[in-house]
Number of protein chains: 2
Amino acid sequence: MPSPVEDIARARASSTVNIEAVRSYLYGGGDKWKDHEKVERTLASDPVFEKSKKPWMSRQELFEATLAQTSRIYELEERLSWTPEMTSRALNLLDDGTPLLLHHSAFAPVFASQASPELLRKYGALTRMRGIIGCYLQTELGHGSNVARLETTATYIPASREFEIHSPTFTSRKWWIGSLGSVATHGVVQAKLILPDGQDVGPHLFFIQLRSLEDHTVMPGISIGDIGPKAFNAWGATDHGFAIFDHVRIPREHMLSKFAQVTDEGKYVRPPHAKISFGGVRSIMVTAAGWSLAKAATISIRYAHLRRQGNVDSSGTEQQVIYYPSTYYRLLPILARAYVFIPLGDQIARAFTDTVQKLAEGNTSLLAEMHVTTCGLKVLTSTATARDIETARRSMGGHGFSVHSGLSRLYGQYLPATTYEGDNFVLDHQVVRAALKAHAAVCKSTAPPALSPSAQYLRLLGSPPALFSGSWTDPAQLALLLEQRAACVVDAYANSVLSGAQDAGASNRVSATVTGAFVAAQVVEMVKRLPMAGLATKDIVILSKLYTLYLTTEAEGALADLFAFKLLPTASSSNHDPAADLRAAITRLCLDLLPEVIGLTDAFGFTDWQLDSALGTQDGRVYEELVERAKAEPMNTFKVTPTYEIYIRPILQRGQQRAKRDAKL
Amino acid sequence: MPSPVEDIARARASSTVNIEAVRSYLYGGGDKWKDHEKVERTLASDPVFEKSKKPWMSRQELFEATLAQTSRIYELEERLSWTPEMTSRALNLLDDGTPLLLHHSAFAPVFASQASPELLRKYGALTRMRGIIGCYLQTELGHGSNVARLETTATYIPASREFEIHSPTFTSRKWWIGSLGSVATHGVVQAKLILPDGQDVGPHLFFIQLRSLEDHTVMPGISIGDIGPKAFNAWGATDHGFAIFDHVRIPREHMLSKFAQVTDEGKYVRPPHAKISFGGVRSIMVTAAGWSLAKAATISIRYAHLRRQGNVDSSGTEQQVIYYPSTYYRLLPILARAYVFIPLGDQIARAFTDTVQKLAEGNTSLLAEMHVTTCGLKVLTSTATARDIETARRSMGGHGFSVHSGLSRLYGQYLPATTYEGDNFVLDHQVVRAALKAHAAVCKSTAPPALSPSAQYLRLLGSPPALFSGSWTDPAQLALLLEQRAACVVDAYANSVLSGAQDAGASNRVSATVTGAFVAAQVVEMVKRLPMAGLATKDIVILSKLYTLYLTTEAEGALADLFAFKLLPTASSSNHDPAADLRAAITRLCLDLLPEVIGLTDAFGFTDWQLDSALGTQDGRVYEELVERAKAEPMNTFKVTPTYEIYIRPILQRGQQRAKRDAKL
C-alpha cells in the first residue's frame, strides 16, 4: 500500500496547475505574495511564534504568549522596515487574534476619520504609533444589534464644557469590548448624547482615557474587568471586557466631532447624513472568509488524499478517501468557494475604499449600495464559511475530532463572524428591505430603471423566463438562471407582503437568494477577467471549471425555487429525476478537477506553521505527526495517574470486595 | 420596560401546558421522571458536582474532578440503593462524560454477551461490580470505519494454547480508545485472528489485562498513553488513549468465544452469522439526540423571551426577540424535533431489546431491519442535532458566544456523535444500499411485497401519485407526501444507477429522504398514541401541532423533490410562490405554539444545575448571572495585568517616543 507521503507526492506531481501563477492571482499580484511570504517566513522561523504548546495553555498563558508575539511583531516592523500593510499581515497571522488588532482595525480608523482636527493633533500620532492603545466601546450587556437603544449616556455640561459619561443601569455596562479587559489605555465610547435641555439626540462617539499612562491603573470613576472565556475557548488571547462609567467627565473636545458637534453652549450641530459612521470591518470580512475556507480546503483535501479506507482494489489496496463521491462532492465546492470569496473580497475592499474617498468629498451616492452589498455578502460568506469549515472537519472522521486537526480551532475562531458586525439574522432584514425598495422602484418606473449592481437581477422582472435549456457548464447561463430565480423570488415575496401572507422564514431565504444572484454575476466577471491575470490557458480552463462548480452547486441549492417558478422542467416520468443533468454536471466537474486539487490548494501558499494541523501537513506525514503531538500531552508525564490512589483504586477495591461477596452468596 | 424575570414569569403563566403530564409523557412514565428527579436532585445538591470552576480547568483538573464525581456516584448508588438504571442516569448527567461510561456502555455489555461461560465465571462479577474497569479497543491510528482492515493481530499458538496480541505496523496502534489513556485495567481488543496455518479469519474480540491490579502500572509488552486534547476542548474528562502491543500473550480462554471459537489445536469454529457482534450504542443515540436538542431549545427559547431588542412599541418598549419571525421560525422546529426524537428513541431502544432477545434465541430475522433503521436514524438525528444546537446558540447573538451560554459546551460534547458508531458519510451508503435492495425486491415481486417498516414507503411505488391537494395541517397527509417523495427519489435513483448516470451527492440525499419518510410515518403514530399517554385534550392539541410543525418543516426541506416529481403544483403565475401555502401553514403553527413554548420547554424538567447556562436560567436572571460569572474570571484578580510591565508598557513607551519624534519633524 502506498504511504501517505507517496500518495500526496503523486497527487502533487499529477497536478498541472502553475502554482506560482495561480498564487499570484489569489494574492492579487506577485508583489503581495512576496510581502506575505516575507512576513510569514519571518514569523514561522521565530521561536516566539511557536505553536506546539497552545492546546494546553490557560487563557492567561495564551494572553501572555500573544502579547509577546504582538510586541515582537512591532519590533520586527521597525527592524525590517515593514509597511503598515505588512504589519497588518503579521497580526492577522496570529491564529488566536491579539488585543491590538482592535486598535488597528476599529479604534484607529474611527479616531482618524471622525476626531476633530484638535483632537487629532493631540492624539493622532500617539494613536498611529501605539503610544496609546485604543478599544471601541459599543455593545452593552443589554444591547448589541440595536445601537439606537444603547443606554450609556454622554451628558453635556455647559458650565465646565465637559461631557459626563455614565452607565445609568445594570444592563448599560459596556460588554464584549475587545482589548478593554486588560490592555487598552483609551477608547471610543458609543453613548447617547444628552443636551443640556435633556434632549437625547442618539448615539455618538466619545474619546476617553481608560487607564493611566503612568502605571496602567484604571482611571477614577471607571470599573473594568474581563467578561470571561468565550465559546470553544476561541479568542482566548483577547481580553473582551466590560466597563461601568460613574459620572466620568471628559472635555468637550473629546467628542468625535468631525461630523456632528456640540457647541460650547450646548447646541447640537447635525451630521450631514445618518450613516456617516459606518465602519469598514464588514468590507474586509469577505476576504477573511475566503482565506479561512482556503485553510479548511487545504487541510481536508490533503488528508482525504492520504487517508485510505474502505473499498479495496484488486491488489488489496484500500481506496483514497478523496475518490469517494460523498467526499469530493462535499470538499471540492468548498475549494471553489474559497476561490470565489478571495477575489470577491479584494473587489469589495476596493469598492469600500472608493466609497470612503467619495464620502470624504461629500459624495454619498455609493453609500446605500455599499451598505446593502456588504450586509448581504457578510451574511452569505460567513454562513457558508462556518458551515464549510465544519463540513471539512467532519470529512476527516475520527481524527478530525482531535484538536490537532486544526479545524476546530479555525471554526471557533471564525464562528463569531456570523454574529459580529451585524448579526446575520438581523442583516438579512436589511438586504430584504433594500430588495423590496428596489423592486418597488422598478415596478413604478416606466423607463428602463437604473439598477445598482446589487439589484441588477431586477432587470429580468416582468419578462417571464423560458424554461432553462442551456448548458450546465456555461457560467453566464448559470448566473442568468440564478438571477432569474432572484427576480421571481423577490417578485413573489413583494406580492405576498402586499397580500398580507405570512412567511416567517422569508427574510433568510430572500436575502440568500438576492445576494446569491449578485455573487453569481460577479463570478461570471471573474471568469472573464482570468485571461487578464497573467494565467496560461491551461490554468484558465481549470479555474473556469472551479468557478462553474461554484455556480452549479449554487443552482443545486436553488432547485426548489427553479422548479417552483418553472425555470426548470419538472419530471417527465415518475422515475426520472429532472435534476439529474445538473447533478451529473456537478459530478463531472468534480471528476475533472480531482487531479488538480492538490495543486489548487498548494497555490494558497500555506506553510505547515500557518496551518498548524497534524492532518494537513504539506508532505503527508500525518500519522507520525499525530503520534508526535500525543507525546506532548501532560497527562502522559505520569507513569500511573495520580488519580489512581485517590479515586480509581478505591472504586476497584470496593468492586473486588463486592464481587467476592457475590461469589460467596 | 418589563424585566427579564417578569418576561419569563408572564410567558410561563400564559402557557396552558400541563407540565406534569407532558413531562411524564417525555420521560416514558411518571415513575421514570421520579427516578430521574431523585438522582438529579441528589447530584445538584452535592458540592462535588458543582460546575462553576469548569471553564477554567485544565484537562488534568477536569479529569480529576470527573473521577471524583464518578466515585461519588458509586458511593451514592450503594448508600441510596440506586438501581443500575439510576446509576446510569447519574453518569449521563455528567456534562463532560466520564471514562467509566465506556465500561458500562461498551466493555461490560460486549463482555457479558460474548465471553465464554468460563471467562464469565472468572470476570463476570468483577466486571459488573467494577472490580476491573474495561475499555473497548477497536479503532486504530490508520483505520476507523473499516473494521475489516484493522491491523492488530491475534495469532494462535497451539503449543501454549495462547493468543499473541501484536501491533505489527506504525498505524496499527489502537487510537481514540476512551478510558485507555489513564484508567482502564482491562479491555476487549478487536484484532484479526491468525490461525496456526497463517490463515487470517478477520477481526475478533479478545479480553486482555492492560494494567496491574496491584499498582495500576501498565502490563509488560504494552505501551499506553493519552492521545491529547479533543476538538473544542470537548470530552476533556475522558482519557482517550493509544496502545501498542508487542507480542503480548493471553490464554486461549480470553478470546470472547461465545460465538466464534478456536479449538485447543487451532481449528476455527465459525459464528452462526456475521453481524452477531453488532453493538447497541447506535440504538440509544436517538434518545441522546432528543435530550441534547431539549437543552438547546430550553436555553435559547428562554433567552429569546427575555432578550428585548430592535422594534419598539408605542410605549417605547423593545420587542422580545422570540416574536421576530426569523427567531421563532428557527427555534420552534428545534423544539419540535426534540419532542420527536425523545419518544422515537424510546421506541428504537425497545426494538433493539426485542432484537437482542430474539437473537439470543437464535432468531436473526430482525437484525437487518434493526441495522438499517439504527444507521439511518443515527445519521438523521445526529446531523440535525449538531446543526440545531449551533442554530440555537447563534440565535442568542453576542452572548451566545460566551462560554457561559452553555451551548458551545453542549455542541462540542455532542458533535462526535456525527462520527462515532459509524461515520455519517459512511452510514449513508448502508441506508442507500438497503433501499436499493428493497426497491429491487419490490420491482421483482409480482404479489404485494412484505415490506419492513424502514421500507414501507415503497408500497407507493408504481402508483403515480396525484398532485398534493391535502391539508398542510394533517399529519397523515404530510407523512404520505414525504413517503411518496421517498418512493420517487429511490425509484429515480435506482434507475439512474442502472443507466450509469453519475451523481456524487446521491448517497447523502437518498439516505436522508428514506429515513425522513420513516420518521414521518412514526410521527403520525406518535400523534395517534397521544390519547393513550394520559394527556388532556388541550395538551394533545398542543403536541399534535408541534408534531405537525415537525412534518411541515420536513416538507419545506423536501420542496425541490416535491416539485421535481410533480407531487406539488408549480407556479401558476411568475409572481406567485407555489410553496406559499406550506410556508403560511408553518408560520401559523409557530404563532399558535408561541404562547405554549415556555411550558413545553419547562416540561423537559431541567434544573439550572443541569443546564449550566447563564442565558437559560429558569427565572430569567441572565444579566445578573453573566455579571456574576465574569467575576470568576482569573484574569480579573489582577489590578493591573502582569503583562503590562513585560509587554504593554514597552509597546506604549516606544510608541510615545516615536510620536514625540514625529512631532519634532
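Visitor: What covers the buried residues of α5(A)?

Guide: In this predicted model, the cover includes α3 (30–44), α4 (59–79) and α6 (99–114) of chain A.

Visitor: Which residues of helix α5 of chain A are buried?

Guide: In that helix, residues 84–92, the buried ones are M86(A), T87(A), R89(A), A90(A) and L91(A).

Visitor: Staying with α4 of chain A, where do E75(A) and R72(A) lie in it?

Guide: E75(A) and R72(A) are three residues apart in helix α4 of chain A, about one turn of the helix. Their side chains form a salt bridge, with N to O at 3.7 Å. E75(A) is partly exposed at 32% relative accessibility, and R72(A) is partly exposed at 24%.

Visitor: How many residue pairs are in polar contact between chain B and chain A?

Guide: The count is 50 residue pairs, with both residues at pLDDT 80 or more. On the side of chain B that touches chain A, helix α21 (residues 643–664) of chain B provides the largest share, 13 residues. By class, that side of chain B has 62 nonpolar, 47 polar and 37 charged residues.

Visitor: What area is buried between the two chains?

Guide: About 12,800 Å² is buried between chain B and chain A, and carbon and sulfur atoms give 62% of that area. In chain B, the residues that lose the most area to chain A are F401(B), F425(B) and M635(B), together 7% of what that side buries. The contact involves 146 residues from chain A and 146 residues from chain B.

Visitor: Changing topic, which residues have the most contacts inside the largest nonpolar core?

Guide: They are L332(A), Y339(A), L332(B) and Y339(B), in a core of 290 residues. Beyond its neighbours within four places in sequence, Y339(A) touches V22(A), L26(A), L543(A), L546(A), Y547(A), L600(A), A603(A) and F604(A).

Visitor: How far apart are E625(A) and R629(A) in helix α20 of chain A?

Guide: E625(A) and R629(A) are four residues apart there, about one helical turn. They form a salt bridge whose closest N and O atoms are 3.0 Å apart. E625(A) is partly exposed at 25%, whereas R629(A) is buried at 18%. Elsewhere, salt bridges with shared partners link D503(A), R509(A), E556(B), D577(B) and R583(B) into one network.

Visitor: Backbone next: what is the phi of S81(B)?

Guide: S81(B) has a positive phi of about 50° although it is not a glycine. S81(B) is in the loop between α4 (59–79) and α5 (84–92) of chain B, and is exposed at 59% relative accessibility.

Visitor: And H216(B), buried or exposed?

Guide: H216(B) is buried, with a relative accessible area of 1%. Its phi is also positive, about 70°, although H216(B) is not a glycine. H216(B) lies in the loop between β6 (200–209) and β7 (222–226) of chain B.

Conventions. Residues numbered from 1 in each chain as written. Chains lettered and ligands numbered in written order. Heavy atoms only, no water. Contact = heavy atoms within 4.5 Å. Buried area = accessible area lost by both parts, 1.4 Å probe. Polar contact = N/O pair within 3.5 Å; in protein donor to acceptor, adjacent residues only side chain to side chain. Helix = DSSP H or I, 4+ residues; strand = E, 2+ residues; numbered from the N terminus. Nonpolar A, V, L, I, M, F, W, Y, C, P; charged D, E, K, R; others polar. Core = buried A, V, L, I, M, F, W, Y, C linked by side-chain atoms within 4.5 Å. Buried < 20%, exposed > 50% of the residue type's maximum accessible area, 1.4 Å probe, protein only. Salt bridge = Lys/Arg side-chain N within 4 Å of Asp/Glu carboxyl O.
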